[in-house]
Amino acid sequence: MASASQLPTIPVPGTTTPFQFPPTYSFPPFFTPQPNSSTRLSQLQKWSSLIQSWCRHHRVYRLSLIEAVESPLFHNAALRKRISLSEARAILDWMARGEEEGGGGKRSEWIDGGNKTMAWIWWRRPEEWAGIIMDWVEGTGQKNMVLTVYELVEGEGTMSQEFHGMDSDIMLKSLTILVKRGKAQVFGSEGQEGVKFF
Amino acid sequence: MSTRRGVGLGAFANRNQATQSYASHGANLRSTHLSSLQTQLAVFQSLLHTFALEHSSTIKSNPTFRAEFARMCNAIGVDPLAASNIKGKNGRRGLGEGGGNFWTQILGGDMNDFYFEVAVRVVELCRETRSENGGLIGVEECRKRVGKGKAIGSGLEVTEDDILRAVKSLEPLGSGFSIVRVGQKQYIRSIPKELNTDQATVLEVIQILGYVSVSMLQLNLNWEKARSQTVIDDLLADGLVWVDAQAEEKEYWSPANLLDDSF
């Protein structure tokens with residue numbers, strides 16, 4: 001996605017710069033599902049990239065639709081336009097489908113299955129996170145060392161990293177990927193996991 | 001008397017002679033004219049050559065200068081693109097051989113390459129944005145986007161004139177790219193489909209008012225409801241307008257403003 005490369009890769013913790021909405025956000029029809037299928041596709045793509053950058057900016061990993069429809073993301077108070085709950089579901093459904101199925105490339109995933117009220121927003125997919133974590137481990141010479149998951153997420157050593165403060169579920173998902181690739185080993189009991197990188 | 005009235009057999013010979021001398025005189029005049037024109041043209045070409053060589057980098061880099069240069073060429077009947085079409089016709093001769101192309105000789109092909117590059121960008125942009133704008137993009141928006149470029153440093157500073165020329169250079173390909181004028185604005189149409197008068201009118205109204213609704217069309221254009229609705233439905237079906245259903249009455253907007261979308 002183009003949006004991934006445009007934003008700074010190093011987050012500055014604690015900054016509250018307001019999110020810069022794209023011009024599309026001020027386009028009233030953007031909030032109405034378009035009847036024309038190719039227009040609709042373009043609309044879904046724009047929503048997908050907006051949701052991803054918004055979540056990225058606010059460090060949101062799991063999006064609650066009930067809350068989101070009342071937030072500025074889906075409710076443009078200035079225009080008095082909003083995305084309805086069902087439309088929000090439709091957008092996230094589209095994002096959740098792979099590109100080969102005519103979707104948005106698995107950029108979201110329902111957490112609560114059929115209820116569809118909570119979703120992961122993959123502004124970085126777990127595989128991408130895995131790569132970033134591995135780069136950091138290699139870059140800081142921490143191969144063959146044991147780290148706790150808590151350290152990875154909250155430790156001072158990762159302050160400058162984008163994955164600092166990340167949802168620990170996602171951290172574990174990403175680490176699982178590294179385990180499958182034979183790049184890491186996770187051990188310890190739930191909530192106290194440690195990890196060793198190879 | 002006889003010479004004037006041409007009576008008798010001698011008149012035929014006389015008349016023949018007269019025509020012949022007129023013809024030879026004419027041919028004389030023509031050839032002197034031609035040779036002087038040829039000299040003028042040669043002088044002009046060499047001057048233009050020197051000029052173009054001297055300023056080739058400016059021509060390439062400075063859009064205003066390029067536009068002026070192109071305008072000058074146009075005024076004296078030299079069309080850089082016409083020259084590039086000739087190249088196409090003589091293509092069989094092979095590229096290495098002499099090259100009948102005036103511009104290739106002068107600028108080493110840079111001028112054509114330049115417009116072709118712009119054309120490639122225009123085609124890319126039209127394809128990328130087709131689903132959001134139904135294949136109708138303003139020349140001005142197009143210029144801005146080409147100017148910005150996608151990657152860092154890939155921006156190409158161009159004028160509207162450059163864009164128009166670039167689109168024109170696509171014509172021989174039968175690409176279906178054309179320039180249409182709606183109201184005050186020029187658009188590039190990348191889907192070969194005609195806009196009917198009603199559709200063009202509605203797009204023009206949208207240009208001015210920002211959006212339209214069925215009742216606005218009824219009021220402003222004195223159209224019947226059915227006519228207004230049909231035109232709007234057609235525009236919607238072609239992806240040329242977007243609908244906003246969260247207003248009192250459905251409003252129809254042109255996606256033209258969406259283009260400077262940075263996402």
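Predicted model: local features only at pLDDT ≥ 70, side-chain atom pairs only at ≥ 80, totals over all residues.
Residues are numbered from 1 along each chain as its sequence is written, chains are lettered from A in the order in which they are written, and side-chain values use heavy atoms, without hydrogens and water.

The largest nonpolar core has 53 residues. Such a core is a set of buried Ala, Val, Leu, Ile, Met, Phe, Trp, Tyr and Cys residues joined through side-chain atoms within 4.5 Å; buried means under 20% relative accessible area with a 1.4 Å probe, protein chains only. Among the members that touch the most others are Trp47(A), Leu63(A) and Phe197(A). At least three residues come from each of domain 1 (4-121) and domain 2 (126-197) of chain A, with bounds from an automatic or database domain assignment.

Leu63(A) touches residues including Ile51(A), Trp54(A), Phe74(A) and Ile121(A), leaving aside residues up to four places away in sequence. Contact means heavy atoms within 4.5 Å.

| Item | Value |
|---|---|
| Residues in contact | 20 of chain B, 25 of chain A |
| Buried area | about 1,900 Å² |
| Salt bridges | two |

Buried area is the accessible area (1.4 Å probe) that two parts lose on being put together, summed over both. A salt bridge places a side-chain nitrogen of Lys or Arg within 4 Å of a carboxyl oxygen of Asp or Glu. Asp244(B) forms one with Lys81(A), the closest N and O atoms being 2.8 Å apart.

In chain B, strands E2 (residues 178-182) and E3 (residues 185-189) pair in the antiparallel sense over five bridges. Strands are DSSP runs of at least two residues, numbered from the N terminus, and pairing requires at least two bridges found by DSSP. Ile179(B) has Ile188(B) as its bridge partner in E3(B).

Terms used: Buried < 20%, exposed > 50% of the residue type's maximum accessible area, 1.4 Å probe, protein only. Helix = DSSP H or I, 4+ residues; strand = E, 2+ residues; numbered from the N terminus.
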